[in-house]
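Here are my notes for you on this one, point by point. Have the structure open while you read.

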Amino acid sequence: MPGESFRFIHASDFHLETPLGDLDHLPPQLQSAMATAPRDAAAAVFEAALAENIDFLVLSGDLLHPIAAGPHGMSLLLDGFEKLHAANTPVYWSAGIADDPKQWPEAVPLPPNVTLFPRDRAVAIPHQRAGRTVCSVIGRSSEGRNTLHVPGYQTETTDEFTVGVGHGIADANALAGARMDYWALGGPHNHTEIEGGAEAGAIAPGSPQGRSSDEPGPHGYVVVDVDAEHTARVRRVETDRFRYLNVAIDSDEIRSAGSLRNLLGQKIGSLANEHGGRHLLVSWEVTLDNAEVLPSVGDPSELLRNLRRDHGQSNPAVWTTRLSVRPPHHYPKSWQDEDTILGDFLRASKKFAGARRVATSSGSGGESTSSSESKDRLDLMPFTEEHAELSSTASSLLGDVPADQRESILAEATLMGVELLRGGKPSWGRKS
């Protein structure tokens with residue numbers, strides 16, 4: 001049946017106790033902005049809640065760990081709650097793992113407009129406006145799990161639009177079975193939508209501010225507008241002050257631009273326009289398909305310094321957090337066939353790259369033993385014994401390289417050797 005239109009903001013995962021990462025060597029002019037970025041992004045949610053003429057604010061967990069966040073985090077949260085209380089705006093808060101209700105100090109009472117849902121059961125609250133119920137908000141705080149226990153949300157059916165609030169993720173079938181019109185979820189730090197979870201959407205808006213290169217792209221909150229026919233429109237709003245980006249580059253792009261330095265300059269200009277108004281923290285992953293593009297790449301360490309100098313000092317800045325060059329898998333056959341030290345080196349590298357350890361079964365009991373399918377498996381221990389000045393730690397690391405790292409280390413060493421033998425610089429393959 002027709003109801004009334006209403007609007008609410010859904011936000012989560014402020015994590016006011018967690019600073020930004022991947023920021024070594026950050027220039028001084030960015031350090032203060034970096035320190036306040038999580039608080040600024042969270043404050044933007046409360047500012048929007050006061051300015052957007054919303055009916056209520058939904059918070060789906062992990063806002064802060066009260067002890068780890070300290071007085072600054074607590075004061076920001078309480079100040080936002082008090083301002084919304086003065087504006088007669090209710091807050092419905094389903095706590096997560098970091099903001100476990102048991103961690104909240106008893107000496108710090110929440111304002112009366114804030115409903116902190118209990119951990120042991122789901123509670124349905126009719127949200128009213130002018131004495132008339134416009135929707136039902138059903139919430140439950142987390143019991144410390146990363147997944148949402150959907151069966152715990154079973155309540156009596158209602159004709160009102162229903163908003164389920166919880167911290168954690170569940171599959172679409174489970175969420176749909178609870179018959180919520182909108183699921184306000186928390187937990188993922190990146191914006192996540194679970195298709196089919198609810199008619200209006202099953203959404204985890206992510207953190208208002210990303211914290212590392214594992215949380216790339218836009219961050220913010222969502223505004224949900226529901227009309228009288230219960231049709232909802234969800235709009236994303238960005239609040240991040242710093243934005244992490246992971247950018248992959250291949251050899252074809254380098255060839256087209258003439259050099260890696262030209263290409264990165266072009267990409268930085270495009271990224272600055274696309275994500276304007278905020279600082280960008282970019283991790284570059286360069287993959288070389290063959291060695292012929294090497295002259296167009298240059299020295300990664302020098303290029304990293306230039307990128308930080310030329311693009312990391314502006315406001316907003318585009319700061320390169322990492323420049324990683326993946327060595328090519330193949331080198332020209334003519335190089336390998338040379339009757340030179342380079343040819344010998346590449347043939348030896350190819351031989352060692354082909355060595356693999358395999359598991360075999362022996363004996364009637366089916367016991368497993370390890371053997372090598374090639375006697376040419378690379379063993380660095382004899383080389384370490386020739387250098388008495390090496391520490392025992394260095395010798396151990398060189399002589400016992402983990403199996404899952406041998407291939408990448410050999411590829412980097414091969415590229416370094418190729419550059420040295422061809423008169424280049426030995427910095428290839430290093431991550432800066």
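1. Let's start with a cluster of charges: Arg 7, Glu 52, Asp 225, Arg 233 and Arg 235 are joined in a network of salt bridges. A salt bridge here is a side-chain nitrogen of Lys or Arg within 4 Å of a carboxyl oxygen of Asp or Glu. Before you go on, note that this is a predicted model, where local features need pLDDT of at least 70 and side-chain atom pairs count only at pLDDT 80 or more, while totals for chains, interfaces and linings use all residues. Residues are numbered from 1 along each chain as its sequence is written, and side-chain values use heavy atoms, with hydrogens and water left out.

2. Glu 52 and Arg 235 meet through their side chains at 3.5 Å, N to O. The two are 183 residues apart, with Glu 52 in the loop between helix H1 (28–51) and strand S2 (56–59) and Arg 235 in strand S12 (residues 232–238). Helices (H or I, at least four residues) and strands (E, at least two) are DSSP runs, numbered from the N terminus. Glu 52 counts as buried because its relative accessibility is 19%, whereas Arg 235, at 29%, is partly exposed. The cut-offs: buried is under 20% relative accessible area, exposed is over 50%, and partly exposed is in between (1.4 Å probe, protein chains only).

3. How many salt bridges does a search of the whole structure find? The count is 25. One of the pairs is Asp 240 with Arg 278, whose closest N and O atoms are 3.3 Å apart. Asp 240 sits in the loop between S12 and S13 and Arg 278 in the loop between H5 and S14, so this pair ties together parts 38 residues apart in sequence. Asp 240 is buried at 2%, and Arg 278 is buried too, at 13%.

4. Next, have a look at helix H5 (residues 260–274). Which residues of H5 are buried? They are Leu 260, Leu 263, Leu 264, Ile 268 and Leu 271. Seen down the axis, the buried residues of H5 fall within an arc of 135° (taken from the directions from the helix axis to the C-beta atoms), so they line one face of the helix.
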